[in-house]
Amino acid sequence: MAGARSRTFEGWPLFANSFRPFFLLGTIQAGLSILVWLPMFYGELSVTSALAPRDWHVHEMLYGFLPAVITGFLFTAIPNWTGRLPIQGTSLGALLAVWLAGRAAVTLSADVGWAFALVVDAAFLTLVVAAATREIVAGGNWRNLPVVVLVLVLLTGNVAFHLEAHFEGAADVSIRVGIGVVVLLISLIGGRIIPSFTRNWLVKFNPGRLPVPFGRLDGAVIGCSALALIAWIVAPLNAVTGIVMAFVGVLHLVRLARWAGDRTTRERLLLILHVGYVFVPIGFLLHASAAFGALPPSAGIHAWMAGAAGTMTLAVMTRASLGHTGQALTASPATQGIYLAIVVAALARVAAVVLPAHSDALLHIAACGWIVAFLGFAIAFGPLLAGSRRRALAVIGVPAPAR
């Protein structure tokens with residue numbers, strides 16, 4: 001792996017690293033979107049979007065919030081992969097402005113027009129793919145090109161979402177395309193960082209059984225996952241799809257068991273990565289049940305989106321925010337509260353599908369948990385990301401070092 005080059009940045013610290021603005025504003029958007037969505041769901045509120053209310057909600061989670069977090073992670077990791085200079089300052093600010101413009105255009109698309117919203121919204125991931133490809137090719141880091149390919153598929157799914165929603169009246173296949181990409185990204189990136197971070201911590205603090213590093217089994221699981229997800233995108237309720245989804249779910253459980261997550265309970269910053277990943281096989285198994293009519297398909301969707309995506313993004317964002325700002329890699333009480341809130345939200349959201357008699361109460365629990373988790377991250381880590389380190393340490397419960 002190439003070492004990252006660096007240069008002195010004298011502007012606002014928020015634009016010194018890609019993770020800072022995208023993690024901060026992405027979490028704010030995630031929290032506020034659900035704050036708006038619950039009254040929309042009950043018909044008490046509406047937005048001026050050309051998308052149907054459900055499609056607006058899905059789009060802003062799948063193609064709004066998640067691309068922001070992916071971009072923050074990707075452009076923070078690429079300098080380490082390639083040894084090239086990071087994107088920062090004016091270039092980073094311009095990229096952020098395009099993402100914000102996309103959020104406004106989609107929400108106001110009934111006024112500005114669906115085609116205009118499509119162009120503005122798709123511009124963000126187009127720039128991300130172009131910039132990431134340029135950096136990886138220039139750095140000769142071909143090993144990580146599959147990550148960019150998946151982001152390109154995510155861009156394709158976003159464009160298809162707008163077209164499908166306009167011409168068909170509601171998005172369907174394009175939603176599954178986006179979710180499939182997210183699951184594969186978690187499987188690929190999680191399969192690298194979870195055993196690596198776990199090994200590093202165990203060697204130092206809890207010697208003994210270590211996680212198995214990324215190997216042939218991991219590659220086979222990701223390959224089988226891709227095939228299963230393609231089958232699910234094309235024919236989600238087919239019996240063959242159900243069998244394949246069940247098989248892949250078991251493979252992910254086997255994979256997860258090899259990472260020694262049971263030995264990380266002393267450090268919640270690590271444990272949450274394993275907890276987040278367990279929603280990946282749960283999602284596959286729930287979709288297998290749906291294919292045979294045992295459950296509604298939305299149970300598996302929410303296991304992947306609220307569970308795997310929600311928990312893993314917070315796990316990665318908290319760790320990266322601490323690590324890249326020179327803080328100790330340990331979960332403070334505030335950080336642990338964020339983790340508890342997102343796990344409660346994910347479990348409640350899946351349970352709302354499985355237990356329809358209690359769906360109203362569970363939906364409110366899920367929404368509150370999600371809002372607390374993501375706006376809690378913005379409150380706790382916002383000062384750190386924006387550059388006010390001493391205030392940030394007080395907020396997240398870490399003593400500031402003496403001068």
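A cavity is a set of points, on a 1 Å grid over the protein atoms alone, where a 1.4 Å probe fits but cannot get out; lining residues have an atom within 4 Å of a point. The model shown is predicted: local features need pLDDT of at least 70, side-chain atom pairs count only at pLDDT 80 or more, and totals for chains, interfaces and linings use all residues. Residues are numbered from 1 along each chain as its sequence is written, and side-chain values use heavy atoms, with hydrogens and water left out.

**View 1. The largest cavity and its lining.** Two cavities of 30 Å³ or more are counted. The largest cavity holds about 300 Å³ of space. That volume is the space filled by probe spheres set on the points, with grid points joined across faces, edges and corners. Its lining has 16 residues, and I70, L185, I186, I189 and T313 lie nearest the centre. α2, α7 and α11 each give two or more residues to this lining. Helices (H or I, at least four residues) are DSSP runs, numbered from the N terminus. α7 gives the most, with six residues. By class, 14 lining residues are nonpolar, two are polar and none is charged. Here Ala, Val, Leu, Ile, Met, Phe, Trp, Tyr, Cys and Pro count as nonpolar, Asp, Glu, Lys and Arg as charged, and the others, Gly among them, as polar.

**View 2. The largest pocket and its lining.** A pocket is an open set of points with protein on both sides within 12 Å along at least five of seven lines. About 830 Å³ of space lies in the largest one. It is lined by 32 residues, with H57, V58, I301, H302 and R349 nearest its centre. The elements giving two or more residues to the lining are α1 (19-41), α2 (53-82), α7 (173-205), α11 (298-323), α12 (333-354) and α13 (359-386). α2 gives the most, with seven residues. The lining has 24 nonpolar, four polar and four charged residues.

**View 3. Helix α2 and its kink.** α2 has 30 residues. From first C-alpha to last, α2 reaches 42 Å, close to the 44 Å expected at 1.5 Å a residue. The expected span is 1.5 Å times one less than the number of residues. A kink of about 35° is centred on E60. The bend at a residue is the angle between axes fitted to the seven residues ending there and the seven starting there. Of the 30 residues of α2, 25 are buried, so this helix is largely enclosed by the rest of the structure. Buried means under 20% relative accessible area, exposed over 50%, and partly exposed in between (1.4 Å probe, protein chains only). Just after α2, G83 takes a positive phi of about 75°.

**View 4. A260 in its loop.** A260 sits in the loop between α9 (239-257) and α10 (268-291). Its phi is positive, about 55°, although A260 is not a glycine. Most residues other than glycine have a negative phi. A260 counts as buried because its relative accessibility is 0%.

**View 5. T335 and Q336 in helix α12.** T335 counts as buried, at 1% relative accessibility. Q336 counts as partly exposed, at 30%. Leaving out residues up to four places away in sequence, T335 touches T318 and F381. On that basis, Q336 touches R268 and A331. Contact means heavy atoms within 4.5 Å.
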